[in-house]
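Please look over the points below with the coordinates open.

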Amino acid sequence: MAIISTVEARGEFTKRLVSVYNERTAPSAFLRSFFPSKESMTLEVSIEVRRGTEKIAVDVARGTRGNSNKFTKSTEKIFVPPYYREYFSATDLDFYDRLFSRSETVDLDPATFAEWLDTVMEKIEALRDKIDRAYELQCAEVLDAGIVSLKSGDNIDFKRKVASMVTLTGAFWDNAATDPTTSLITGLQFLRTEGKWNGATVNAIMGQDAFQALVNNEKFQKKSDIKDFDLNLIREPQRNAEGAALQGSLSAGSWKVIIWTYPQYYTNTAGAETPYIGSKKVILLPDAPKFVFAFGGIPTLRLTGNNNIPQTIAPVRGSYVVGEYLDPRKATHEFDIQSAGIAVPVAVDQLYTLQVLA
């Protein structure tokens, strides 16, 4: 970049900031890797939720009309994704005074401009990380109980079947008489018969205590052990996601179960470090479940005319939208990042949650 003045830098900065942000890769999140993104320009997102069947066709006599079919198992659901907006004031940064307190005719060298760009970008990335942790928690709540809890109290319940959320009664995995694969097979049968999933390999995400109970279980140790599993055989979204540990695989009935642990935490509203996956829980789901992470449009106020009179509110498509604002009254230069997303288990029965310890 050639030498520019501070007044030119202000206009150039916004353009470069958006460009740099769009080039940066979002932090990976293991649970969210099972929810591919789907973006919309509207406030609400529409998802076709389907509970399938496996009925077979019945032969009919030639010349007849055939068998009549009614498709009543599919329903369109409308969701208003929760809205997130995090901002900071650039005027609070030490670098801001060093950059813009000088005369507008003073030239800036490229190194100074790049340093300022990186400083702001780091702050925006920190704000995005906060939103990403909220999205990872959404996925964890869907996998746990199927209810996304919101601060507003307008929780989103995806109506998971009771049979998909099981707490063992007596046959806990730390019991020497218990065979852990028995309860896994029950969960796998649910995915096959209720979730209509026809694969032979399934993921099992285990909490810390659940995994230790599995490897310490006497019956499991006597008849089986955890086999190595090649990471290259894992689908790319999960293979590239950070934070999860591939522990290997085991056989359960006619299925192969890929075992993951996810020792990651977030800080809850009370300030406590909380695991995304409950320590006593096991989550069973296919490698490519029919889930989506749906993003609604972000509203932006469009200003026109010499007096910047508000004219329209134009929605913007995007998972994340970066904004810049000058407030003459407060004498602040602010940046924000906005997002409106919701984790949606479209095939809600392709999910099984098991509590294996008391």
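1. Helix α3 contributes the most to the lining of the largest pocket, with seven residues. Helices (H or I, at least four residues) and strands (E, at least two) are DSSP runs numbered from the N terminus. At least two lining residues each come from β5 (83-89), α3 (110-144) and β13 (265-267).

2. The model is predicted: local features need pLDDT of at least 70, side-chain atom pairs count only at pLDDT 80 or more, and totals for chains, interfaces and linings use all residues. Numbering runs from 1 along each chain as its sequence is written, and side-chain values use heavy atoms, leaving out hydrogens and water.

3. The volume of the largest pocket is about 640 Å³. Among its 19 lining residues, Y84, K130, A134, L137 and T269 are the closest to the centre. A pocket here is an open set of points on a 1 Å grid where a 1.4 Å probe fits, with protein on both sides within 12 Å along at least five of seven lines; lining residues have an atom within 4 Å of a point. The volume is the space filled by probe spheres set on the points.
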